[in-house]
There are 2 protein chains.
Amino acid sequence: MRTYLDCIPCFFKQALEAVRITKVGENLQKKVLDELAKAVSKFPLTSSPPEMGKIIYGLVRKITQQQDPYAEIKKRSNKLALGIYSKLKRKVSHAQDRLLMAVELAIAGNIIDYGVNSFSHRKEETCVKVGGSLDIEAELTRILNQESKLVKRENERIFNYSQFKVELKNANHILYLADNAGETVFDRILLEEIKRIEQDKKITYAVRGGPIINDALLEDAYECGIDQLAEVISSGSDAPGTILSLCSQEFLKIYKKTDMIISKGQGNFEAMSHLSRPVFFLFMAKCPVVAKDVSTICKLPIDKGCKVGDIILLYHGGK
Amino acid sequence: MRTYLDCIPCFFKQALEAVRITKVGENLQKKVLDELAKAVSKFPLTSSPPEMGKIIYGLVRKITQQQDPYAEIKKRSNKLALGIYSKLKRKVSHAQDRLLMAVELAIAGNIIDYGVNSFSHRKEETCVKVGGSLDIEAELTRILNQESKLVKRENERIFNYSQFKVELKNANHILYLADNAGETVFDRILLEEIKRIEQDKKITYAVRGGPIINDALLEDAYECGIDQLAEVISSGSDAPGTILSLCSQEFLKIYKKTDMIISKGQGNFEAMSHLSRPVFFLFMAKCPVVAKDVSTICKLPIDKGCKVGDIILLYHGGK
C-alpha cells in the first residue's frame, strides 16, 4: 500500500506516542518530531507506511538512546496472552468449526498493537483498555461477536475462509509472518490447529529482525512456544512490516520457496499488498486509510466497505 | 495557552483539511504539508496554537492561490443559522431564565467550526453531521441537554453564570470577540438579550481582519444583523484567535477601554488565556489538550475535569 497524505498527521502521532513511552523530557520529544518533520518532506508517497515507521522508530531509538522502548510492554503482552492460552484452547476445542475459530482468534490477537491502539479514533471502535493495558478478554468477546456478524453477511471478499481452507490443504510449506508480541500466543493456537489437521505441513514463522514498536522478535516467538510447531526465523529487517527489499537473503530464500503465505497484522498488509505473489492477509483494520484501501482492493461499494475495527482474512491473488 | 506537542499532529490534520477544501491536487496538498513541516520545527512551544493556525492557513492561501477557501462554507453557515433564527428566539422567549438560555445558545453556536469539527475524535463526542454539513438542530438539542446536566452539577468553575450576570450589570462598554461565521447569528441572540435587559450598554463586536478558516469577517457580521446591536469592527489580524500583538491600534484602543470582554470560541481562548486582564471565555472544548488546559486553570480534579464536548463559560480573572 502506498502512503496517503492522511498518514502524515498519523506519523507525528505515532512518533509522539513512541517517544513518550521512553519517558524522556519534552525537549527530546520535540526533537523527534522536528527530525520527523525533516524526514516527511523527503518521503515519497509511493513508499509504504511501514517504511516511514522504520524511520520514525529509528529516530526515537537514536534520539532517546533507548534500543527497545517497548521491551517491557512486549514481555507483559506475552505474559497476558499466555495467561489466557488454556481458555483460548477450550474455545477452539468446543467450536463447531475448530479451524475457523482458530483463525478468528489469530486475527483477534492482532488487537495487541501499541503502535496504533491508543489513537483516539479507535476509542469506541476497537480496543477496550483497562488502566492503560489491554483488556484482552473483553476485546476478544467483542471481536468474536463482530466476527459472527461478519461471517453472517458472508462477505467472502474480506473474509475468504473457504479459499483459505483450500490453499491450506494444498500447501506443503507455509510461511507465517508474525506481527506483535503477545499476538504470537494467538498465532500458536492457529499453528496448533493446522498441525492437528495436517501434521506433515512444514511451517516457517518469521519475526522482525530488530526491535520495532511491540513487534515480535525471536525471543517472543520462543517465549510463546512457537518453536515447538514451526521453524522460527527472523526477516532480517526492523521495519514494522515485511518490506522485501530490506529483508535478509535467508528470509527471501524461504519466501520464494514456500507454497502459502499467511501474513499477520496491518503493517505486513501495508508493506505487501502490492506484491505479485498470493498472500493471505489476516488482520484488523486499524485506521480509515487502510480500511478504504481494503475496500478498493476488494471492489466493495462504499456503504458495504471495510470499516475500522473490521477483522479481515483477505486473499490477495497477487498482481 | 501554550502549544503542546499533541497539537503538532493536529496542525498537519488541519492543514490537510484546509488544503483539501480548495480542491487542488495531491501535489499541492503535499507541498502544504512539507512547508508546514519546515515551519513546525522552528515553531516555539511557548507560542499559542492560533499563531501556528495563522501560518498554516497562510501557507494554504499562498500555495493554492485561493484567498478565502471557506467563503462558500461561511455563506452557507450564515444562511443555515439565519434560517433557525426565529426558532432560537422562541427558545429564549419561552425560557425561565432568558439570559441563561441566550448564553447557552451563543455557546451552542460555537459548534459551527470547520477547522476542528471533522476530527475523528469528535465523531461521537461532539458534532452531529448530516451529509457533510452540520445538523445544527440536532446538535443544538444535544448541547442544550448536556448544558442542563452541567448546570445541574453546579460546576461554577467552568460555567460561571452568576459572575457573568454581575459583570454584565456593572459594565458600560462590552467588547464581544467573534468566532465563526454562522455563529454570529447565535451571538446576535445573546446581544439582543443583553440589549433587552439594559439598552444603554455600548457593545463592540470584533471580527477577524482577514479570511482565516470559517471565522467571521465584517461581511458576516453585517449579513447576520449584528450592526443593528453593536459597533462592528475588525481586530486587524487574520489569526484564528485574538493575538494582541497582531491586532490593529484601533482594535487595541477599544480593547483597553472596555469594561468587560466576552470572548467566543476555542481559538480566542487559546490566544488569550494567559492575559493579565479579566475575560469571559464562552466556547465548546473541542480537543483533549484544551479540555485539559481548562481543567488546570479551573483547578478541577481529573475525574471531574473538563472534557471534549463540554460547553464552557469560564471567567478568567487575569494573571
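A: Start with B:Lys201, which sits in the loop between helix H9 (183–197) and strand S4 (202–207) of chain B. Helices (H or I, at least four residues) and strands (E, at least two) are DSSP runs, numbered from the N terminus. This is a predicted model, in which local features need pLDDT of at least 70 and side-chain atom pairs count only at pLDDT 80 or more, while totals for chains, interfaces and linings use all residues. Residues are numbered from 1 along each chain as its sequence is written, chains are lettered from A and ligands numbered from 1 in the order in which they are written, and side-chain values use heavy atoms, with hydrogens and water left out.

B:Lys201 counts as buried because its relative accessibility is 7%. Buried means under 20% relative accessible area, exposed over 50%, and partly exposed in between (1.4 Å probe, protein chains only). A polar atom of the B:Lys201 side chain lies 2.5 Å from the backbone oxygen of B:Ala171. Contact means heavy atoms within 4.5 Å. Leaving aside neighbours within four places in sequence, B:Lys201 is in contact with several residues, including B:Leu168, B:Asn170, B:Ile174 and B:Ile194.

Now compare a residue in a helix. B:Ile55 belongs to helix H3 (residues 49–64) of chain B. At 34% relative accessibility, B:Ile55 counts as partly exposed. Not counting residues up to four places away in sequence, B:Ile55 touches B:Ala39 and B:Phe43. The C-alpha atoms of B:Ile55 and B:Glu35 are 9.9 Å apart, and these residues are separated by 20 residues along the chain.

Next come the strands. Strand S8 (residues 311–316) of chain B has five of its six residues buried, so it is largely enclosed by the rest of the structure. S8(B) pairs with strand S7 (residues 279–284) of chain B in the antiparallel sense, over six bridges. Two strands pair if DSSP finds at least two bridges between them. B:Val279 has B:His316 in S8(B) as its bridge partner.

Finally, look at where the chains meet. 22 residues of chain B are in contact with 22 residues of chain A. The copies meet through the same surface, because 100% of the interface residues of chain B are also interface residues in chain A. Four salt bridges are found across this interface. A salt bridge is a side-chain nitrogen of Lys or Arg within 4 Å of a carboxyl oxygen of Asp or Glu. One of them joins the side chains of A:Glu26 and B:Arg2 (2.6 Å, N to O).

Conventions:
A polar contact is a pair of N or O atoms within 3.5 Å; within protein, one must be able to donate a hydrogen and the other to accept it, and residues adjacent in sequence count only if both atoms are side-chain atoms.
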